[in-house]
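Thank you all for coming.

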Amino acid sequence: MADSWLRFWDRPHRIYVNDRHLRVHYRRVADEILGILPPRPGLRVLDYGCGEALEAGQVAAGVGHLTLYDAAPSVQARLRERFAGETGITVLDDAGLAALGDGAVDAVIIFSVVQYLPRAALPPLLARARRWLAPGGLLVVADVIPPEARMLDDIRSLLGTAARHGFLLPALAGLAATFFSDYRRLRHDLGFAIYGEAEMTALLQAAGFSVSRAPRNLGFHPVRRTYLASAPSLAST
Ligand SMILES: C[S@@+](CC[C@H](N)C(=O)[O-])C[C@H]1O[C@@H](n2cnc3c(N)ncnc32)[C@H](O)[C@@H]1O
């Protein structure tokens with residue numbers, strides 16, 4: 001792996017400033033995923049770039065089956081250990097993802113991942129997501145960073161969450177640590193992949209979806225955006 005965001009996520013990092021932050025983060029992500037999915041019994045969901053997915057059990061309990069995939073090998077290993085024996089959850093490795101069949105799931109979640117992908121990697125990923133979805137399936141692309149977002153927005157969001165959940169001091173210490181970390185260097189050297197609404201809509205349409213922007217972003221960053229992309233239903237194909 002070249003110097004990359006993926007390599008960053010594969011190593012120990014301090015993006016989540018303590019255990020409380022980690023739990024608050026994944027609880028909110030799980031609530032948001034459950035809130036945006038159609039309430040259909042037996043729904044098969046793929047969480048692509050799921051990270052630690054600490055509340056995957058909660059998501060799995062609310063849908064039919066949850067499949068988790070993250071490209072970082074160390075994350076994959078922890079997911080396998082964490083969810084071993086959970087019948088409602090499947091953890092995929094790279095080979096498992098490559099073998100995922102056409103129409104295998106009813107919803108794909110890509111939450112806070114797109115900004116870490118090289119821009120050239122997004123169209124093929126959207127095309128794969130389109131193939132993985134059954135007719136009428138839903139792709140949710142959340143936490144997409146628009147051009148007008150500023151680093152200050154991220155800091156405000158972290159400190160607001162920390163103040164609400166009682167970890168303000170650790171958050172301030174975490175910010176100071178981040179200032180001297182790989183994260184800041186990578187953010188400076190590689191940057192984030194940033195997409196305005198017109199561009200993201202066009203990319204999703206080119207992959208065969210009809211697209212709308214969600215009224216608010218899922219998660220912690222109100223300035224970022226969430227897109228809802230529907231695969232054609234059987235009647236319209
Ligand atoms: C900010 S975390 C998001 C985790 C989770 N989705 C959430 O919202 O909390 C980004 C995750 O994307 C994963 N990732 C980065 N590049 C990826 C890729 N090409 N394919 C799949 N996952 C990737 C990283 O390993 C990391 O776990």
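This is a predicted model: local features need pLDDT of at least 70, side-chain atom pairs count only at pLDDT 80 or more; totals for chains, interfaces and linings use all residues.

Let me start with a question: is S112 buried or exposed? S112 is buried, with 21 other C-beta atoms within 10 Å, where a residue is called buried if 20 or more other C-beta atoms lie within 10 Å of its own, exposed if 12 or fewer, and partly exposed in between, the C-beta atoms being placed from the backbone.

Residues are numbered from 1 along each chain as its sequence is written.

Back to S112, which is found in the loop between β4 and α6 (122–132); the helices (H or I, at least four residues) and strands (E, at least two) are DSSP runs, numbered from the N terminus. The phi of S112 is near 65°, a positive value in a residue other than glycine. Most residues other than glycine have a negative phi. D143 also has a positive phi, near 70°, and is not a glycine. D143 has its place in strand β5 (residues 133–144), and with 20 C-beta neighbours inside 10 Å it counts as buried.

Now to the sheet. It is an open sheet of seven strands in the order β3-β2-β1-β4-β5-β7-β6, with mixed pairing, and two strands are said to pair if DSSP finds at least two bridges between them. The edge strands are β3 (89–92) and β6 (210–213), each of which pairs on one side only. Neighbouring strands of this sheet are turned by 20° against each other on average, direction ignored, with axes taken as lines fitted to C-alpha atoms, for helices over the stretch in contact, and angles running from 0 to 180 degrees between N-to-C directions. Helix α6 packs on the sheet, touching β1, β4 and β5, and its direction makes about 145° with that of β5; contact here means that the C-beta atoms of two residues, placed from the backbone, lie within 7 Å.

β2 in turn pairs with β3 in the parallel sense over four bridges, where Y69 has L92 as its bridge partner.

Finally, helix α2 (residues 19–36) has 18 residues and reaches 26 Å from its first C-alpha to its last, close to the 26 Å expected at 1.5 Å a residue, that span being 1.5 Å times one less than the number of residues. Which residues of α2 are buried? They are H21, H25, Y26, V29, A30, E32 and I33. Seen down the axis of α2, these buried residues fall within an arc of 165°, so they line one face of the helix, the arc being that of the directions from the helix axis to the C-beta atoms. On the other side of α2, D19 and G35 are exposed. What covers the buried residues of α2 includes α3 (56–62) and β4 (105–111).
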